[in-house]
Amino acid sequence: FFSWEVLRFLLSNLRMWIEDYRFDGFRFDGVTSMLYHHHGIGTGFSGDYNEYFGLHVDEDALCYLMLANHMIKFLHPECITIAEDVSGMPALCRPVAEGGGGFDYRLAMAIPDKWIQIIKELKDEDWNMGNIVHTLTNRRYEEKYIAYAESHDQALVGDKTLAFRLMDAEMYTNMSVLSPLTPVIDRGIQLHKMIRLITHALGGESYLNFMGNEFGHPEWLDFPRRGNNESYHYARRQFNLTEDHLLRYRFLNTFDRDMNKLEEQFGWLSSPPGFVSEKHESNKVIAFERAGLIFIFNFHPYQSYVDYRSSLTVICKYKILLDSDAAEYGGHERLDHNTEYFSEEYPHNYRPNSLMV
């Protein structure tokens, strides 16, 4: 597969980008195609170890990836490496010294695909909470994943972003605060925030956003090419949309900012995976704990709840820190942020304590 000269060229190439161009890391594209002689084509990876070990594994390619990661870490330990792997190869993101592939992170590629599939194929009342939780938590223990709500395929021409799928043409006509809040825009704004937060909080050990998606950019990104007559029209991000206080884009942008600030304060991405205590199919509620915080999501299309019991580990007093329904995020202000919630020794959902919210 690799002659020694090719190997030296590939490794020196990596070093050049770091030392000459000051790259601080690499995303290795299509790693699955390298790892196996079948290139992952026509193969559905179920997680069975026989799928990852055997003569169908391209040992030369795997050895190269281990060498590349070892060299990068040895020369520049500050650099990070990310694997785009759909197969779930065990230990790909563990150190080479442990016999792993040496990558720091892998992309949680199933997550953006799942959100698109749900929005395209299901009515709101048919969303499956267990399926969402499974997709967000289905990762190898002690290997770090990058969670993201929408991929570059949706951010670039060829597909629609989450915001555009949710609100489509109405983004051009009904995003002004001077126009009535239509059901389409209202639903789109609320789900956009919830999808991003649950992906951020439950889906991995780091979070990825594509430029402009944080505020629901209404158009794709497309670079000048022969297919569009070398046009620059879509080679831009309209950041002015978030600065216009008469437009609702700023609500999404403010929520995204505060979501990241809260993570910076509590560090859930660097905490152990969240403990999911509830995935209630008829109530459409998902609840989990991570980094000492309680996250409660109500995905029901029309039902709100009063005095809803949620389980937890630590007995203490809780307050609302982030509320997607707050006015500054384009919400309906249905929660009183002055309320204090006291936990009690009342077992619920297999946890020793709970509180009413």
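Domain bounds in this account come from an automatic or database domain assignment. In the predicted model, this assignment divides the chain into domain 1 (4-107), domain 2 (152-270) and domain 3 (275-356). Taken over C-alpha atoms, the centres of domain 1 and domain 3 are separated by 40 Å.

Helix α1 comprises residues 4-19, and α3 spans 59-75. The two helices pack at an angle of about 35 degrees, and their axes lie 10 Å apart. Their crossing is right-handed. On the α1 side, the contact is made by L7, L10, L11, L14, R15 and I18. These residues meet Y64, L67, A68, M71, I72 and L75 of α3. By class, the contact of α1 with α3 has 11 nonpolar residues and one charged residue, with no polar residues. Arg counts as charged, and R15 of α1 is among the residues of this contact.

E19 also lies in helix α1. This residue is partly exposed, with a relative accessible area of 29%. E19 and F74 are 55 residues apart in sequence, and their C-alpha atoms are 14 Å apart in space.

The second pair consists of helix α4 (residues 110-121) and helix α9 (residues 183-202). These helices pack at an angle of about 150 degrees, with a distance of 12 Å between their axes. Since angles over 145 degrees count as roughly antiparallel, α4 is roughly antiparallel to α9. The crossing of α4 and α9 is right-handed. I111, W115 and I119 are the residues of α4 in this contact, and they meet I195, I198 and T199 in α9. Five of the contact residues are nonpolar and one is polar, while none is charged.

Leaving aside neighbours within four places in sequence, M167 is in contact with M175, V184, I185, G188 and I189. Helix α9 covers residues 183-202, and V184, I185, G188 and I189 are among the contacts of M167. The C-alpha atoms of M167 and P183 are separated by 9.6 Å, at a distance of 16 residues along the chain.

Positive phi values were noted at two residues that are not glycines, H39 and D168. For H39, phi is about 60 degrees. H39 is found in the loop between α2 (31-35) and α3 (59-75). With a relative accessible area of 41%, H39 is partly exposed.

For D168, phi is about 45 degrees. D168 is located in the loop that runs between α7 (162-167) and α8 (170-173). The relative accessible area of D168 is 30%, so this residue is classed as partly exposed.

Key. Residues numbered from 1 in each chain as written. Predicted model: local features only at pLDDT ≥ 70, side-chain atom pairs only at ≥ 80, totals over all residues. Heavy atoms only, no water. Axes fitted to C-alpha atoms, helices over the stretch in contact; angles between N-to-C directions. Helix = DSSP H or I, 4+ residues; strand = E, 2+ residues; numbered from the N terminus. Parallel < 35°, antiparallel > 145°, perpendicular 65-115°, else oblique. Left-handed = near helix turned anticlockwise from the far one by under 90°. Contact = heavy atoms within 4.5 Å. Buried < 20%, exposed > 50% of the residue type's maximum accessible area, 1.4 Å probe, protein only.
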